[in-house]
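Please read it alongside the sequence and the model.

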Amino acid sequence: MSNSFFKRFKKEEPPVVEEAPPVWEDRIFWVSTLQKIAFPVLNNLAKGALRKNMPYESNSDEGKKFAYFSAFARVFNGIAPWLDLGADSSEEGRIREKYIYLTLKAITNSINPNGNDYIFIVEPKQSLVDVALFAQGLLRSKNEIWLNLPMDIQARIIRELKNTRIIAPYENHWLLYTAIIEAALLEFTGECDKQRLVYGVSKFRDDFYLGDAVYSDGEEFDVGYYNSLIIHPMLNDILAVMRKYGLQDGEFLDVQLMRSSRLASQLERVISPEGSYPLLGKSLTYRCGVFHLLSQAALLKILPRNINPAQVRSALTKVLRTQFGNDNNNLNSDGWLIVGLNGSQSDIGEKDINTGTLYFCCAIFLPLGLSYNDMFWTAPFAEWSSLKAWNGHQLQQDQSINF
């Protein structure tokens with residue numbers, strides 16, 4: 001993006017030396033990084049050339065059939081709130097208009113069985129993951145994406161969402177995949193399979209909660225980021241739909257949002273002064289996507305009262321700059337993501353990790369769904385918790401929750 005972006009908000013004043021970059025540079029950098037990551041996926045799918053041009057890198061061939069829809073679903077899931085702001089006359093608004101068009105065209109191509117890029121394949125079991133993330137993206141961009149799709153495309157999508165009912169989820173976070181699909185069907189058609197919608201929510205509410213905002217992933221507990229990657233964000237979006245339609249289990253939303261607020265505070269604290277974070281658990285190749293819940297908490301305005309939204313923006317910007325400030329570090333020469341955390345590190349890619357799944361990193365972009373004049377974007381740079389601590393500044397105690 002050009003430096004003229006948002007220039008109308010800058011006053012003509014003598015130059016001053018600042019320790020932190022001007023506020024608008026953060027959003028400019030976020031949108032620029034979003035484009036760098038998302039454009040190859042959206043542009044190629046919009047042209048019907050994603051299968052042809054997207055490389056496949058993985059330690060297993062198992063995911064090759066699903067990799068293309070994986071890439072699109074994850075890009076769409078992360079940028080959907082930004083798309084739902086719609087077009088306007090600003091430079092960012094015109095960029096957004098372009099990406100709305102690319103997304104609508106990409107969806108149309110992805111679900112056309114007669115096209116070169118028919119990638120909306122519903123087949124047990126991996127496709128359940130991708131369809132669920134796609135459905136969550138639709139919920140996050142109802143006004144600009146779902147309502148602007150032709151009726152025949154909407155009908156195909158609804159049919160494919162219902163086709164996932166043949167897939168039995170595992171008794172872990174996969175239960176939320178079936179639930180988010182049913183939540184989307186409820187939102188877009190007024191009907192759903194209530195058992196598939198409610199069962200996963202009730203399991204996490206009644207059986208899987210461990211305490212202090214942390215759920216086990218089914219009967220097993222592994223240290224890692226799945227509470228942030230999948231569990232909390234999907235519970236929040238599922239329960240919002242359930243609450244909207246007056247389902248009794250939707251009453252759990254209030255408690256769940258408070259738990260998410262607590263987890264957001266934990267995630268903010270693990271971001272180091274350098275923009276790195278602990279290398280715990282699986283799926284580290286999702287990179288900054290591990291902060292999905294922190295980004296969602298900013299979008300939904302459920303950050304704890306003792307956390308300034310600007311410190312979250314500043315922290316996440318540092319993470320983005322650490323991982324994507326270097327154009328050549330995490331992208332290949334054609335602009336596609338490569339397997340690794342920071343650079344090419346194929347050894348940390350589990351067998352279900354491939355080029356397509358890497359695009360979960362786009363989950364960090366959710367706060368772009370906040371208007372440019374929201375406090376998250378307008379407040380000055382603020383130190384995040386670890387930066388305060390290691391600079392010797394005052395830091396509040398970390399407080400757990402017991403509900």
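Helix α5 (residues 127-140) and helix α9 (residues 226-244) have axes that come within 11 Å and cross at roughly 50°. The two are therefore oblique to each other (the class left after under 35 degrees for roughly parallel, over 145 for roughly antiparallel and 65 to 115 for roughly perpendicular). The crossing of α5 with α9 is left-handed. Ala132, Leu133, Gln136, Leu139 and Arg140 of α5 contact Ile230, Pro233, Met234, Asp237 and Val241 of α9, contact meaning heavy atoms within 4.5 Å.

The model is predicted: local features need pLDDT of at least 70, side-chain atom pairs count only at pLDDT 80 or more, and totals for chains, interfaces and linings use all residues. Residues are numbered from 1 along each chain as its sequence is written, and side-chain values use heavy atoms, leaving out hydrogens and water.

Helix α3 (residues 67-83) also packs against α5, and the two are therefore roughly parallel to each other. Their crossing is left-handed. Among the residues of α3 in this contact are Phe69, Phe72, Ala73 and Phe76, while those of α5 include Phe134.

| Helix pair | Axis distance | Angle |
|---|---|---|
| α5 and α9 | within 11 Å | roughly 50° |
| α3 and α5 | 8 Å | about 25° |

Phe134 touches Phe69, Phe72, Ala73, Phe76, Ile107, Phe120 and Ile157, not counting residues up to four places away in sequence. Of the 131 residues in the largest nonpolar core, Phe72, Phe134 and Ile157 touch the most other members. Such a core is a set of buried Ala, Val, Leu, Ile, Met, Phe, Trp, Tyr and Cys residues joined through side-chain atoms within 4.5 Å, where buried means under 20% relative accessible area (1.4 Å probe, protein chains only).

Note on methods:
Axes are lines fitted to C-alpha atoms, for helices over the stretch in contact, and angles run from 0 to 180 degrees between N-to-C directions. Helices (H or I, at least four residues) and strands (E, at least two) are DSSP runs, numbered from the N terminus. A crossing is left-handed if the near helix is turned anticlockwise from the far one by less than a right angle, and right-handed if clockwise. Buried means under 20% relative accessible area, exposed over 50%, partly exposed in between (1.4 Å probe, protein chains only).
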